[in-house]
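Come along and check each entry on the screen.

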Amino acid sequence: MAPPPPPPPPSEQPATAAAGAAEAGLISKVLIVMAMEAEAMPLVHNFKLVEAPADESTFHKGAPWLRYHGNYKGLHIDLVRPGKDTVYGVDSVGTLPAALLTYSSVQTLKPDLIVNAGTAGGFNAKGAKVGDVYLASDVAFHDRRIPIPVFDMYGVGARKTFGTPNILKELNLKAGKLSTGNSLDMSPKDEEMIRSNDATIKDMEGAAVAYIADMFSTPMIFVKAVTDIVDGEKPTAEEFLMNLITVTATLELAVVKVIDFISGKCLSDL
């Protein structure tokens, strides 16, 4: 009797596992897109992800983007973040870095599912409280104002996210609409648009990630933890910084639970 073939080397095991899951119709490759180092690194450590070397061909040469990857409960996870701005040295937040990063990641990594995870502002008028975790049901922009017929709708760019009724029920998360803009604070015109979007939470990346995901027909979900109450009494920047560390820990736990739920399931099970 011939001896059994040797197991694939470690470098090939992720691809082998992903191929087996794909053949079974299961979700095998998850792309987690995050904006800030403080939000991302707890998950990198929790999932035991390894940083890809800078000379790897995943991203274009010169891009400051970072990728961490590894296997977790039958899933191959790629977590990406835009890294630090090369001029100012701060996290590259906002829609432009998020869109570019997501585009490159989808093209090269071919995920079955995108998870955009991060912190967000919440609205007291819609019942949001600091520490709440939401799965966004819809996403839209609130700072792309083009008052011309049809262009106005394009500017808002309203999109439905991938439906996850079983995750919502099993994990007892909240559902709400997400509105995205490039400013941390909220001008009166932004507020008007956010109200028009019927948003419960606001961030600086989500709708841009959704635009790219929709372009390439890749299912997308959004996990957002509330750091500040936009229509509350405290200044937004002050409350955001005060709660960032605590809420990031809450976000970490929620994302781990979401990934645990996804493990071993098809998209239709979510």
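Here are my entries on a strand, a residue in it, a pair of helices and a loop residue.

**Before I start.** I remind myself that this is a predicted model.

**Entry 1: strand E5.** I looked up residues 113-122, which form strand E5. How many of the ten residues of E5 are buried? I found that ten of ten are, and the strand is mostly covered.

**Entry 2: the partners of E5.** Next I asked which strands pair with E5.
- Strand E1, residues 29-33, runs parallel to E5, and four bridges link the two. In this pairing I found Ile32 opposite Val115 of E5.
- Strand E10, residues 220-229, is also parallel to E5, with nine bridges between them. Here Ala120 faces Val226 of E10.
- Strand E9, residues 201-203, is antiparallel to E5, joined to it by two bridges. At this spot Gly122 stands opposite Ile201 of E9.

**Entry 3: Asn116.** Is Asn116 buried or exposed? Its relative accessible area is 2%, so I wrote it down as buried, given that buried means under 20%. The side chain of Asn116 makes a polar contact of 3.0 Å with the side chain of Lys224. I also listed what Asn116 touches beyond four places in sequence: its contacts include Val33, Asp203, Glu205 and Gly206. Val209, Ile221, Phe222 and Val223 are among them too, and Lys224 turns up again.

**Entry 4: helices H2 and H8.** I moved on to helix H2, residues 37-46, and helix H8, residues 236-262, which pack against each other. Their axes lie 9 Å apart and the angle is about 40°. Why do I call H2 and H8 oblique? Angles under 35 degrees count as roughly parallel and 65 to 115 as roughly perpendicular, so the angle of about 40° makes H2 and H8 oblique to each other. I noted their crossing as right-handed. From H2, the residues Ala38, Glu39, Pro42, Leu43 and Asn46 take part in the meeting. From H8, they meet Leu244, Thr248, Leu251, Glu252, Val255 and Val256.

**Entry 5: Thr218.** Where is Thr218 found? I located it in the loop between helix H7 (206-215) and E10. Thr218 has 10% relative accessibility, so it counts as buried. Setting aside neighbours within four places in sequence, I found Thr218 in contact with Val106, Pro111, Asp112, Leu113, Ile114 and Ala213.

Technical notes:
Residues are numbered from 1 along each chain as its sequence is written. This is a predicted model: local features need pLDDT of at least 70, side-chain atom pairs count only at pLDDT 80 or more; totals for chains, interfaces and linings use all residues. Side-chain values use heavy atoms; hydrogens and water are left out. Buried means under 20% relative accessible area, exposed over 50%, partly exposed in between (1.4 Å probe, protein chains only). Two strands pair if DSSP finds at least two bridges between them. A polar contact is a pair of N or O atoms within 3.5 Å; within protein, one must be able to donate a hydrogen and the other to accept it, and residues adjacent in sequence count only if both atoms are side-chain atoms. Contact means heavy atoms within 4.5 Å. Axes are lines fitted to C-alpha atoms, for helices over the stretch in contact, and angles run from 0 to 180 degrees between N-to-C directions. Angles under 35 degrees count as roughly parallel, over 145 as roughly antiparallel, 65 to 115 as roughly perpendicular and the rest as oblique. A crossing is left-handed if the near helix is turned anticlockwise from the far one by less than a right angle, and right-handed if clockwise.
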